[in-house]
Amino acid sequence: MVTRTLERAPAGPSSPTTWPAAAMPPLFVVLWSSAFIAGIIGVDAAPPLLLIVTRFVLAGLLLAGVAVALRMPWPRGRALGHVAVTGVLIQAVQFGALYCALGMGMPAGVVALVQGFSPVLVALASAPALGERVSRRRWAGFALGAAGVVVAVSDRVAFSAAAVPLAIAGLAGLSAGTVYQKRYASDMHLITGTAVQFLVAAPLVAAASLAFETPQVAHWGSFGAAIAWMVLVNSVGCFLLLNLMLRRSSASRVSTLFFLTPSVTALMAWLIVGQSLSVAALAGLALGGAGVLLASRS
């Protein structure tokens, strides 16, 4: 019902839904980028897969509880299968791999940089898989945005080589999951669909944690703070916004927002954990913003 209201509202200053729709992309970028800050804190307190599975279980149960209390419809049959696939790709593969890369010493800005190339992969896949036309102006926006993410972390490229395949796997999971969801599960219920994604991903990550980690928390205070933020803000807030934007717009257009995450992550790291904010990060923020603006207006 909310989605239909937003779609049918007339464009213009008098429309009561114009500003919420316009606020979704920048809000999503800020909330999504904050996950890297929470990740820095979390992987210092506990193994990365234990951190992720705790996040998935709590977020999934929270959303499932809301859905049951309000008697929301759950996906069934083939639709349930499609939602489960998106959960494996976007949740288990992406976050399991990226947070393991963080745990291996890859800086958050570099992880965000790798993730920031998702728009290019999504655009390449969207044409054959979704029939989405990508204009020359949008490709120019992709190029500008990609340049922005490279510049943003150009002075922070020292990291463990063992983390590189994991970061690339996380990028592949996000990109493939975005295209798959747009094609097969774009009409899933926002609350119950997101709950299914988390609850499907949780057992897979738990099995990986038991196989490859010693699931033990070293600092409960930091662990609890990181988990609380990840569950309430990054898992619930971010993915409700992401799923709503994927319902309202093309996959390639939504994915351009990831061009902004490396620079915004660097800015937040400066404000919250005291990391230095370089000239490169500021320049990357400007380039990334210009790329998103150009791609989103084409």
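The model is predicted, so local features need pLDDT of at least 70 and side-chain atom pairs count only at pLDDT 80 or more, while totals for chains, interfaces and linings use all residues. Residues are numbered from 1 along each chain as its sequence is written, and side-chain values use heavy atoms, with hydrogens and water left out.

**Fold and cores**

The chain has 13 helices and zero strands, where helices (H or I, at least four residues) and strands (E, at least two) are DSSP runs numbered from the N terminus. Of its 298 residues, 51% are buried. Among contacts (heavy atoms within 4.5 Å) between residues at least 6 apart in sequence, 89% join residues at least 24 apart.

A nonpolar core is a set of buried Ala, Val, Leu, Ile, Met, Phe, Trp, Tyr and Cys residues joined through side-chain atoms within 4.5 Å. The largest such core holds 68 residues, of which Phe28, Trp32, Phe56, Tyr99 and Phe239 touch the most other members. Several helices each supply at least two of its residues, including helix 2 (18-45), helix 4 (77-103) and helix 10 (220-248), and helix 10 gives the most, with 13 residues. Leaving aside neighbours within four places in sequence, Phe239 is in contact with Trp32, Arg55, Ile90, Gln91, Phe95, Thr194, Phe198 and Asn234. A second, separate core of six residues includes Leu113, Ala123, Phe142 and Phe259.

**Cavity**

The structure holds one cavity of 30 Å³ or more; a cavity is a set of points, on a 1 Å grid over the protein atoms alone, where a 1.4 Å probe fits but cannot get out, and its lining residues have an atom within 4 Å of a point. The largest cavity has a volume of about 60 Å³. Among the residues lining the largest cavity are Trp32, Arg55, Phe95, Tyr99 and Phe239, and helix 2, helix 4 and helix 10 are the elements that give two or more residues to this lining.

**Aromatic pairs**

Rings of Phe, Tyr and Trp (its six-membered ring) pair if their centres lie within 6.5 Å; planes under 30 degrees apart count as stacked, over 60 as edge-to-face and the rest as tilted. By this rule the count comes to six aromatic pairs, and two of them are tabulated here.

| Pair | Centre distance | Plane angle | Class |
|---|---|---|---|
| Phe56 and Phe198 | 5.8 Å | 25° | stacked |
| Phe95 and Tyr99 | 6.1 Å | 50° | tilted |

Because Phe56 lies in helix 3 and Phe198 in helix 9, their pair ties together parts that are 142 residues apart in sequence, and both residues are buried. Phe95 and Tyr99, by contrast, are four residues apart in helix 4 and so are separated by about one helical turn. Phe95 counts as buried at 4% relative accessibility, and ring pairs link Phe28, Trp32, Phe95 and Tyr99 into a cluster.

**Helix 12**

Leu267 has its place in helix 12 and counts as partly exposed, at 28% relative accessibility. The C-alpha atoms of Leu267 and Gly109 are separated by 10.0 Å, although the two residues are 158 residues apart along the chain.

Note on methods:
Buried means under 20% relative accessible area, exposed over 50%, partly exposed in between (1.4 Å probe, protein chains only). On a 1 Å grid over the protein atoms alone, a cavity is a set of points where a 1.4 Å probe fits but cannot get out, and a pocket is an open set with protein on both sides within 12 Å along at least five of seven lines; lining residues have an atom within 4 Å of a point. Grid points are joined across faces, edges and corners, and a volume is the space filled by probe spheres set on the points.
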